[in-house]
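Me: I have a structure here and would like to go through it piece by piece. Can you help me read it?

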Protein chains: 2
Amino acid sequence: MTRILITNDDSYVSPGLYLLREAVEGLGEVMVFSTEYPRSVVGHTITFSRPLRIYEVEVGGSKVFVTDGTPVDVVHLARDVLGFEPNIVLSGVNVGDNLTLQHIFYSGTVAAAIEAALIGIPSVAFSACIQSFSDFEDERLRSVVKRIARALARAIIDNGLPPGVDVLNVNIPPMDRFSNCVRITRAARLRWLSTYIERRDPRNRPYYWLSFKAVEPEPGSDTYAVDVEGCISVTPLSIDLNVGKVPHRELEAVVSRYVEGFEVKRLWL
Amino acid sequence: MTRILITNDDSYVSPGLYLLREAVEGLGEVMVFSTEYPRSVVGHTITFSRPLRIYEVEVGGSKVFVTDGTPVDVVHLARDVLGFEPNIVLSGVNVGDNLTLQHIFYSGTVAAAIEAALIGIPSVAFSACIQSFSDFEDERLRSVVKRIARALARAIIDNGLPPGVDVLNVNIPPMDRFSNCVRITRAARLRWLSTYIERRDPRNRPYYWLSFKAVEPEPGSDTYAVDVEGCISVTPLSIDLNVGKVPHRELEAVVSRYVEGFEVKRLWL
């Protein structure tokens with residue numbers, strides 16, 4: 001029996017979680033397990049310096065597990081404490097896109113998917129270009145998410161992911177610009193450049209608030225597919241940050257020239 | 001003039017920060033900028049939902065900048081608020097290793113280096129197999145860290161990083177097992193598997209504390225170099241999580257078979 005773990009980083013209150021549950025109905029045994037509070041932009045946080053709790057609540061007539069930890073914690077708690085060994089992990093649907101490597105590194109939604117991949121479980125992160133939970137009431141969005149999520153879950157259950165692919169990062173465009181298309185894309189590097197707004201507090205001391213200068217979408221990238229073409233973007237990702245043999249050789253040569261007194265050698269020949 | 005930004009995730013109180021400052025003395029203009037409190041294992045957290053403060057303090061006779069944000073925030077605050085555009089970012093020296101992809105994704109020390117890489121700045125993350133700040137008093141450790149950090153900073157200032165390499169992840173073995181060697185390595189996937197200790201609180205309710213089952217070091221990997229060979233491990237990393245053309249083609253074929261009603265196309269031909 002296929003076991004599907006559904007989680008997110010917007011907390012168990014998010015309708016996005018239950019939209020994924022609807023999407024995969026009948027495809028296997030489903031566990032919905034999320035966080036007590038929103039843990040957006042926690043990146044890849046794991047909790048080891050304090051203990052965690054697990055609560056059971058009922059949402060829409062079904063059992064949901066909740067923790068005071070992070071999305072990454074959920075992946076481990078589900079397996080080790082609740083004994084639910086998923087064959088596939090679906091994370092989302094996130095409120096707000098997770099386009100570009102930049103957002104992929106920041107996102108708690110993607111972090112849960114990467115954590116699953118680290119322990120060998122294929123996973124998909126879903127994010128939508130929406131602003132709030134109430135946007136999940138849009139019937140067209142619901143139908144589009146259900147169609148793509150069910151199709152990708154079925155594809156992975158039947159075939160696994162292609163060799164070298166660990167995670168699919170899926171972004172859904174705004175429905176008023178959606179052109180009934182899916183694009184297999186590469187993640188662009190940057191979504192924005194930082195800029196800070198400086199203001200003064202009531203005691204006249206400065207504080208700084210992160211603001212954003214948008215980066216133009218590169219043709220062929222995930223941002224281009226979503227922002228310009230109005231398509232669903234599906235980006236295959238590898239979590240292997242290692243580089244090839246050539247840079248290893250080059251690095252050995254350079255480091256050897258600069259380090260004194262230590263023997264320098266590459267292990268990958 | 002070369003500008004070197006030094007940061008970490010153990011806060012401005014960590015002697016590891018000042019050890020890196022000593023290591024690069026005379027190589028350029030140096031800014032030390034860290035966090036108010038330890039932000040270990042915050043992963044790639046960026047702060048946008050609240051404003052940030054910047055304080056100036058003096059440590060060891062030199063100016064240090066401090067923020068109530070995260071290591072990732074530091075990289076942006078230094079450039080955008082303080083006008084310090086680094087040519088190289090050094091992060092660490094962390095108390096505790098950051099070996100394997102698993103720790104690389106969790107680590108705040110590495111996250112600062114990855115953030116620098118995202119905006120095109122070469123960076124190095126340094127971590128030592130030590131347990132506490134007082135371990136930085138060991139004269140041999142100080143000398144080894146200074147030698148490798150200065151060599152790598154000089155190598156990057158003179159040559160940049162090899163094409164395809166964005167970050168160097170450096171781990172220093174325990175000094176009682178150090179064999180005067182440096183190994184250019186690949187990051188292993190896992191450092192440990194999770195297991196939770198279940199206990200009961202005073203009200204007899206369960207709580208779960210993350211514990212670890214160590215994974216055997218793979219020959220040739222970063223863990224092997226440090227744990228088995230007693231060498232400094234230097235791992236070149238790419239932050240580009242994108243995969244090659246073949247998986248894009250395969251994914252297009254599979255997704256086309258499962259998605260109904262939407263046109264499916266890969267953008268990378």
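Me: Which residue is the bridge partner of A:Leu5 in S5(A)?
Reply: The bridge partner of A:Leu5 in S5(A) is A:Val89. Helices (H or I, at least four residues) and strands (E, at least two) are DSSP runs, numbered from the N terminus. This is a predicted model, in which local features need pLDDT of at least 70 and side-chain atom pairs count only at pLDDT 80 or more, while totals for chains, interfaces and linings use all residues. Residues are numbered from 1 along each chain as its sequence is written, chains are lettered from A and ligands numbered from 1 in the order in which they are written, and side-chain values use heavy atoms, with hydrogens and water left out.

Me: How many bridges join S1(A) to S5(A)?
Reply: Four, and the two strands run parallel. Strands pair if DSSP finds at least two bridges between them.

Me: What about S1(A) and S2(A), how do they pair?
Reply: S1(A) and S2(A), residues 29–35, pair in the parallel sense over four bridges. A:Ile6 stands opposite A:Val32 in S2(A). The chain crosses from S1(A) through helix H1(A), residues 15–23, to S2(A) in a right-handed β-α-β crossover; right-handed here means that, with the strands pointing away from the viewer, the path from the first strand over the helix to the second runs clockwise.

Me: Why is S1(A) called largely enclosed?
Reply: Because four of its five residues, 3–7, are buried. Buried means under 20% relative accessible area, exposed over 50%, and partly exposed in between, with a 1.4 Å probe and protein chains only.

Me: Back to H1(A). At what angle does H1(A) cross H5(A)?
Reply: Roughly 55°, with the axes coming within 8 Å. That makes H1(A) oblique to H5(A); angles under 35 degrees count as roughly parallel, over 145 as roughly antiparallel, 65 to 115 as roughly perpendicular and the rest as oblique. Axes are lines fitted to C-alpha atoms, for helices over the stretch in contact, and angles run from 0 to 180 degrees between N-to-C directions.

Me: Which residues of H1(A) meet H5(A)?
Reply: A:Leu19, A:Leu20, A:Glu22 and A:Ala23. On the H5(A) side, the residues include A:Val145 and A:Ala149. Contact means heavy atoms within 4.5 Å.

Me: New topic. In what order do the strands of the 10-strand sheet come?
Reply: The order is S12(A)-S8(B)-S11(B)-S7(B)-S6(B)-S5(B)-S1(B)-S2(B)-S4(B)-S3(B), in an open sheet with mixed pairing. S12(A) and S3(B) stand at the edges with a single partner strand each, so one side of each has no neighbour in the sheet.

Me: Which residue in S8(B) is the bridge partner of A:Lys265?
Reply: B:Arg183. Four bridges join S12(A) to S8(B), and they run parallel.

Me: Where are the cis peptide bonds?
Reply: One joins A:Gly92 and A:Val93, with omega about 0°. Another joins B:Gly92 and B:Val93, with omega about -5°. A:Val93 is in strand S5 of chain A, and B:Val93 is in strand S5 of chain B.

Me: What is the phi of A:Thr100?
Reply: About 80°, which is positive although A:Thr100 is not a glycine. Most residues other than glycine have a negative phi, and most peptide bonds are trans.

Me: Is A:Thr100 buried or exposed?
Reply: Buried, at 0% relative accessibility. A:Thr100 sits in helix H3 of chain A, residues 100–106.
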